[in-house]
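Here are a few notes to read alongside the model.

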Amino acid sequence: MSAVPPGMPIGVHRQAPRRDTDHQPFIAAALAFGVLGGFSLAFTLPLEAALGRVTVGWMTHTQLHGHIQTIGFATLFIIGVVLRLLPRFGGSELRGVRLQRPMLFALVTGVLLRVIGQPLASYPLFAGITVTGAAFELCGVVLFAYTACATLRSAIRTGAPTALLLAGAAAWLVVQSTLGLWWIGRMAADGREILGARESAVLVNIQFFGVLLGALLGVGSRSLPTFFGRTAVAATAGRIAALLLNVGLAAWVAGGYFDIPRCASAGAAAVGAAILIVAWSIGAWRFPGRLAEASKPLGWGLLPVGVTLGITGLALFATGVRGFGEGAAPSTAAVDSTRHLFALGGVTLGIVTMGQLILPEFASERFAGKPGAWRGPTLAALLVPAALLRAVPVAVGLSGEARWWLLTIAGGLGWAAITTFAVLMRRAARSHRRYLDKIASLQMG
Ligand code: HEM
């Protein structure tokens, strides 16, 4: 899909004009969280475990790694991109343009305070800081959910799959932040630094499958068929997928929290089925067919995203059906492994590849000259092995030092990929700014 032509106004809102660079601070913050926080911890956590240094602090940092990656990195990045795409998906102007700055401030402050406060939450001052962080995060996601649902309102009414999936993702974001505030509050009141396993599992499953999967399927159900040279996902198939995803996830987290194993496994199977419907409709195993010449090498990044989606769907479906048959909840190892496969091969590779196809910074770059053909294959060559090294050892039950060393390599590869993308993004943003300045001076002249 071609990006919005660089320099072209995106739309004028009654309340405030929308600028072509509004998404940049969201993306810069997301990449800073990824490079300096989430992916750095993805390397140091398994390294510490390989060296036998697993303490209470390690457990706290594990939860922080998860929160920084899902909310600080992936969700913040997706929000930045989705705010650009919402008018196109909703067939209307972007609502609440003035809310973007407070939204960004609340989200960034929220994640930072949570990270600063949680490791020392047994001290009242830091307990207060982490709870304040959770409250800021809730404010930020409410602003986003309002913006998304108001802009998509008429598309939601007509039952457009993309709108239903994105509205679902926004709603789950509010649910996870509300539950997060409540449970972080209880944790802080008890003088603990770690969320209980049950609470943490609910939050993490909502973050992965409610927020990130919902958003990826929402954006993907419109844009991936274009990249893959297919028609958009059929309305009925898309609506069934949205229903299975949202009802299935509700059953999964409720079943997990209230200890109803078959409810949890049926829910996981339904989430898997939702992914399979979208992956099948897109033909996710085919090489993307409609990319412009300059973007063709990025197809090597996009193809594994589609394949990973399909494998994630199959794995969840199989885990859920097996659990249901055995009267057991989905196994923790199987779910952790599938979540990371999806996080690295689907979400992270999707972000670095689709970002280059969708964002105007990279469009400006392509305008100025053909970008290096190494990007798509290199990013895939870092992230596909990272996904496999993170997921497979856990899935096959490898234990001991070997498992942790493989995870350490996975963390290093993930960090290298996201740092490479951050450098590319910075360069492209500079060339975009030069391009916009040139257009402005031509218009004035
Ligand atoms: C190569 C990269 C990665 C490595 C090596 C890695 C490593 C880890 C490790 C060692 C754990 C703790 C598992 C345990 O308790 O046994 C973990 C948990 C987690 N990771 Fe990752 N991770 C990576 C990438 C990601 C990404 C990209 C995301 C999300 C976008 C993510 C989200 C999470 C979440 C949500 C948890 C659960 C935290 C909790 O228990 O509260 N990780 N990861």
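1. Helix H4 (residues 124-157) and helix H5 (residues 161-189) cross at roughly 165°, and their axes come within 8 Å. Axes here are lines fitted to C-alpha atoms, for helices over the stretch in contact, with angles running from 0 to 180 degrees between N-to-C directions. H4 and H5 are therefore roughly antiparallel to each other (angles over 145 degrees count as roughly antiparallel, under 35 as roughly parallel, 65 to 115 as roughly perpendicular and the rest as oblique). The crossing of H4 and H5 is left-handed, a term used if the near helix is turned anticlockwise from the far one by less than a right angle. By class, the contact of H4 with H5 has 25 nonpolar, five polar and one charged residues. Nonpolar covers Ala, Val, Leu, Ile, Met, Phe, Trp, Tyr, Cys and Pro; charged covers Asp, Glu, Lys and Arg; the others, Gly among them, are polar.

2. A word on what you are looking at. This is a predicted model, in which local features need pLDDT of at least 70 and side-chain atom pairs count only at pLDDT 80 or more, while totals for chains, interfaces and linings use all residues. Residues are numbered from 1 along each chain as its sequence is written. Helices are DSSP runs of H or I with at least four residues, numbered from the N terminus.

3. Now compare a second pair. Helix H7 (residues 235-257) packs with helix H8 (residues 261-282) at an angle of about 155°, and their axes are 7 Å apart. H7 and H8 are therefore roughly antiparallel to each other, and their crossing is left-handed. The contact of H7 with H8 has 21 nonpolar and five polar residues, with no charged ones.

4. Please look at the loop between H7 and H8, which is where Asp259 sits. Asp259 has a positive phi of about 60° although it is not a glycine. Most residues other than glycine have a negative phi. Is Asp259 buried or exposed? Asp259 is exposed, because 10 other C-beta atoms lie within 10 Å (exposed means 12 or fewer such atoms, buried 20 or more, and partly exposed in between, with C-beta atoms placed from the backbone).

5. Which residues come nearest to the ligand? Of the 23 residues around the ligand, they are Ala42, Gly66, Gln69, Gly411 and Gly414 (a residue is near if its C-beta atom, placed from the backbone, lies within 6 Å). Two or more residues of the shell come from each of helix H1 (24-50), helix H2 (56-90), helix H6 (197-227), helix H10 (332-358), helix H12 (375-395) and helix H13 (401-444). H2 gives the largest share, seven residues. By class, the shell has 11 nonpolar, 11 polar and one charged residues.

6. Gly90 also belongs to H2. Gly90 counts as buried because it has 24 C-beta neighbours inside 10 Å.

7. Some other pairs are worth checking on screen. Ala145 lies in H4 and is buried, with 20 other C-beta atoms within 10 Å. Ala145 and Val321 are 176 residues apart along the chain, and their C-alpha atoms are separated by 33 Å. Val392, in H12, is partly exposed, with 16 C-beta neighbours inside 10 Å. From Val392 to Tyr435 the separation is 43 residues in sequence and 44 Å in space, C-alpha to C-alpha.

8. Last, helix H9 (residues 299-326) has 28 residues that should span 40 Å at 1.5 Å a residue, and its end C-alpha atoms are 40 Å apart, which agrees. The expected span is 1.5 Å times one less than the number of residues. H9 is followed by Gly327, whose phi is positive, near 70°.
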